[in-house]
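Hi there,

Here is the structure I promised to pass on to you. Have a look at it first, and then read my notes below.

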Amino acid sequence: VITGSGTTSESTSAGAFEGVSALLKTLSATGSLTVQNGTQGTTVPFASTSSLFFDSNYRPLGSVSANSYCVWASSTPLPAVGRIGDTAVWYSGSCYADSSKAALVETRSVSYVLEPGTGSSAQLKLISSFTNSQGATTTQSETYSVSTTGVVNRVEIPMSFVASGMVYSLLLKYL
């Protein structure tokens, strides 16, 4: 049994990515998990920070996290007005072990789909497809609710981290 709790935060500021002025969005999550196996329990703290960079038109430029430096090579602008059923590839590019870009870790493509939500809201799903250097592909999705007035709130966000030599994958659910 795994239980835990944590907090998330985000901030937006001016930044630069690959020599270009950018809007920098920093996302952080911290907390702890308790892994219970019978009567034995182990508590593992976690902390994760990622930085997302966008141009002045909110086109994704890249992202940086502990083990990843991603450069987005192509993107399609999001529509000003969305309708249920809308779907498209939003952006794609390459992710490296660090900013030297010496070791390609994976290529990534991020698509979106707008689905029915609850009440008058819709659900926006961002679906990331990761292809590693050996050609294996995995996917994960993030879910947001979007009101008719355009207010966007997180619903579920995947996250992973390494602690004590173990890789933990979490699905953060926002209440």
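**An aromatic cluster**

Phe-17 counts as buried because its relative accessibility is 5%, where buried means under 20% relative accessible area, exposed means over 50% and partly exposed is in between (1.4 Å probe, protein chains only). Before going further, please keep in mind that this is a predicted model, in which local features need pLDDT of at least 70 and side-chain atom pairs count only at pLDDT 80 or more, while totals for chains, interfaces and linings use all residues. Residues are numbered from 1 along each chain as its sequence is written, and side-chain values use heavy atoms, with hydrogens and water left out.

Back to the rings. The structure holds four aromatic pairs. For a pair, the ring centres of Phe, Tyr or Trp (its six-membered ring) must lie within 6.5 Å; planes under 30 degrees apart count as stacked, over 60 as edge-to-face and the rest as tilted. One of the pairs is Phe-17 with Tyr-69: their ring centres are 5.3 Å apart and their planes are at 25 degrees, so this pair is stacked. It links distant parts of the chain, since Phe-17 is in strand S1 and Tyr-69 is in strand S5 (residues 68-75), 52 residues apart. Strands here are DSSP runs (E, at least two residues), numbered from the N terminus. Tyr-69 is buried too, with a relative accessible area of 11%. Together with Phe-53, Phe-17 and Tyr-69 form one aromatic cluster.

**Salt bridges**

How many salt bridges does the count come to? There are six, a salt bridge being a side-chain nitrogen of Lys or Arg within 4 Å of a carboxyl oxygen of Asp or Glu. As background, side chains of opposite charge can pair when their charged atoms come close.

Glu-10 forms a salt bridge with Lys-25, with the closest N and O atoms 2.7 Å apart. Glu-10 belongs to strand S1 (residues 2-17) and Lys-25 to strand S2 (residues 20-37), so to speak 15 residues apart. Arg-154 also forms a salt bridge with Glu-10, here with the closest N and O atoms 2.5 Å apart. Arg-154 lies in strand S10 (residues 152-163), so this pair ties together parts that are 144 residues apart in sequence.

Another salt bridge joins the side chains of Lys-101 and Glu-18 (2.9 Å, N to O). Lys-101 sits in the loop between strand S6 (87-96) and S7, and Glu-18 in the loop between S1 and S2, 83 residues apart. Lys-101 is partly exposed at 34% relative accessible area, as is Glu-18 at 40%.

**A buried glutamate**

Is Glu-106 buried or exposed? Glu-106 counts as buried because its relative accessibility is 14%. Its place is in strand S7 (residues 104-116). Leaving aside neighbours within four places in sequence, Glu-106 is in contact (heavy atoms within 4.5 Å) with Ser-94, Cys-95, Phe-130, Thr-131 and Asn-132.

Happy exploring!

Notes: Helices (H or I, at least four residues) and strands (E, at least two) are DSSP runs, numbered from the N terminus.
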